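Take a walk through this model, one region at a time.

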2 protein chains.
Amino acid sequence: VATLNEAISGISPVDRDAAARADERQAQLTKPLGALGMIESLGSRLAAISGTFPPPVPSRPIVTVFAADHGVLAEGVSPWPVEVTAQMVATFLSGGAGINVIAGEVGATVLVVDVGVATPIPAQANGSEPNRLVSAKVRPGTDNLLRGPAMSRAEAIQAIQAGLTIADKLVDRGADVLVTGDMGIGNTTAAAALVSALTGWPPRAVTGRGTGISDEMLEHKVEVIDAAIERVAAAHDVPRTALSQLPADVLLAELGGLEIGGIAGVVLGGALRRVPVLVDGVSSLAGALIGVALAPEAVGYVIAGHRSAEPGATAAMEHLGLEPLLDLRIRIGEGAGACLAVPLLRTAARVLSEMATLHDAGVSESTEEPPASALAPGEAAEFPLPLSDPALGWDEI
Amino acid sequence: VATLNEAISGISPVDRDAAARADERQAQLTKPLGALGMIESLGSRLAAISGTFPPPVPSRPIVTVFAADHGVLAEGVSPWPVEVTAQMVATFLSGGAGINVIAGEVGATVLVVDVGVATPIPAQANGSEPNRLVSAKVRPGTDNLLRGPAMSRAEAIQAIQAGLTIADKLVDRGADVLVTGDMGIGNTTAAAALVSALTGWPPRAVTGRGTGISDEMLEHKVEVIDAAIERVAAAHDVPRTALSQLPADVLLAELGGLEIGGIAGVVLGGALRRVPVLVDGVSSLAGALIGVALAPEAVGYVIAGHRSAEPGATAAMEHLGLEPLLDLRIRIGEGAGACLAVPLLRTAARVLSEMATLHDAGVSESTEEPPASALAPGEAAEFPLPLSDPALGWDEI
């Protein structure tokens, strides 16, 4: 198992040669160049990530849902009580949550990672395939990030290491896409604060309604985040706009997010092992920002699954130069939106290995010279119903 | 098998009660209301379409790829020669095209329908499961829509009837999602002309680059479409802006698109049989415009799979009040972009039948009252690596 320092020093840039080979192939396949849009560029990214051409077709996607609680909930930033985090963990394990349905649809398995759930997980829910729990609890919830650091720097590093260790072990066991997800009542406050600190976007521009809060609660949430940013800037004696200069683990300790730390570790682990990390909404993207701050080359291994309705997600994607695959106004977290993009990754890889080339299919070349003559004007064929001359009999359809 | 008149008179409005039951359930599931975004509204639409709650989970999606040639190719609107239509039909049958890869990924089968291919389909390609051909040729390609009607009104009706018959038979045989696709060199010219006539959008706003033509060829294509619109308006003695008042089959005869007619028939057939019709790009949407012009209630059965890069697709979707599920800049036709949305339909249906309710999962209710107190400040747990206290042993991950 890699340590955090080994991962940070061991992450290689993605393979531009493999991507170039993919691009070259796109021009030969039985379609106009570019006609598959983002599926084409995604195929090139998968080649760059794996360092092989054609890239492997993902067959074992795993959703890691990091769960943790948040001391900032004391500030009234969410209408849901803290127990819901543990209750939702139990729901993931019994298979009744949104992520279970989506993972089942796309052929992914779900691994729930308790990095900091504060209340007991209801006992009736003992996970079984394909939904399982790993306990990697750093501490039972964070402290209130408005009043002081959410956790110690050592705890922040532990959370990141937990995600890295899990990613490394999952890849050992065959995982070939790591989908990141989160659960934690109050966690969009931590995530938005981290996104603001790491991107420089102002709190108001990155703060969203999370589970769907009122205008009044949203206004309060913005104020909490703004004050927390101010607190951290003062504590480290740097201007608010220069917070991104602080070490990422320090920012995580101040404003995290144990689950955000875990996700940062998955980003590092995926990058180390050359496996795509398919990230979800604002909590996952806050994790990606931290992972990429620690190891800049890791960004090449991150694929944005969807555009969450949370504005902080858009801020983080712009900062990382990522374009999301889906845009369905999903804001459930859990890895759900990202997991829905798994078939697009498989399609992108399969296009490169399964589509015929124009040459092999015997398809004529295009030319900008207009053809010399029109079609022979067709004679209208007789057309009795049921249809004439079927290549297949109707009964065979 | 239903006749066109039977279909037009037999299409029922979608079931608003079933949709209301779906909406009600969304509020009870283990997620904040609205957190699954468009997946939620899609689930309600599937309930409305089937008239049942929960809606059935699609298990047998079929892509019907209607293929036909276009006399307007004589005007130099595409760089590809006419033979490519037949060559691509052969590629569909041998499994080497984009739609084959995508259909394979999402578990759909491909049925290619020759409604008007002008040149011989290369003989080596005899389709086999899951890629098959039905010959329903109305005539070998259309006439040049710039110089006169593309086909007779009887031929236009035959093309629509062919699509209706196929849809009806496919539903008899178990198809539960009808994905529409098209193949026809030159067909974005016909499709854009029809979209302009039926929506009132000017030719320049609905004309795109099709397979990827040059600025110069695009300019010429706009002129061809503009002149064709002018010709039809003069022939029927109506203002250009009132072309949508003409019967839809007359417009199809003037400006079609045998494959566009076939797709219009699938829209009617799906609506008649209460099966969702998942439409693709500008050719499919031109077909949907015609189908909906003939039977306005049919629009409730149409789901826009993706936003094609062709601007005419956006015009048609706005006119029909449809919001696309995907936006990947795909412009390959074939039904490819729509087919990629099949897992979203399955997910939307499964959410309604498989997710637990908050009550069943024992999840606490939300309240806008902030909680009275903070989390108990957590004691940092010891955290040796490998992780402590796993609910699963690491070897079991």
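Which residues in α7(A) meet which residues in α10(A)? From α7(A) come A:Ala190, A:Ala193, A:Leu194, A:Ala197 and A:Leu198. From α10(A) come A:Leu251, A:Leu252 and A:Leu255. Contact here means heavy atoms within 4.5 Å. The residues of this contact divide into eight nonpolar, no polar and no charged. Ala, Val, Leu, Ile, Met, Phe, Trp, Tyr, Cys and Pro count as nonpolar, Asp, Glu, Lys and Arg as charged, and the others, Gly among them, as polar.

This is a predicted model: local features need pLDDT of at least 70, side-chain atom pairs count only at pLDDT 80 or more, and totals for chains, interfaces and linings use all residues. Residues are numbered from 1 along each chain as its sequence is written, chains are lettered from A and ligands numbered from 1 in the order in which they are written, and side-chain values use heavy atoms, with hydrogens and water left out.

Now the geometry of that pair. Helix α7 spans residues 187-199 of chain A, and helix α10 spans residues 248-255 of chain A. Helices (H or I, at least four residues) and strands (E, at least two) are DSSP runs, numbered from the N terminus. The two helices pack at an angle of about 145°, with their axes 10 Å apart. Axes are lines fitted to C-alpha atoms, for helices over the stretch in contact, and angles run from 0 to 180 degrees between N-to-C directions.

Next, confidence. Chain A averages a pLDDT (the predictor's confidence in each residue, from 0 to 100) of 91, and 90% of its residues score at least 70. Over residues 370-397 of chain A, pLDDT stays under 50. The model scores ipTM 0.92 and pTM 0.93.

Move to chain B. Helix α13 (residues 311-320) has seven of its ten residues buried, meaning under 20% relative accessible area (1.4 Å probe, protein chains only). Among them are B:Gly312, B:Met317 and B:Leu320. Their cover includes α7, α8, α12 and β6 of chain B. Just after α13(B), B:Gly321 takes a positive phi of about 70°.

Finally, the cysteines. A:Cys339 counts as buried, at 0% relative accessibility. B:Cys339 also counts as buried, at 0%.

Technical notes:
Buried < 20%, exposed > 50% of the residue type's maximum accessible area, 1.4 Å probe, protein only.
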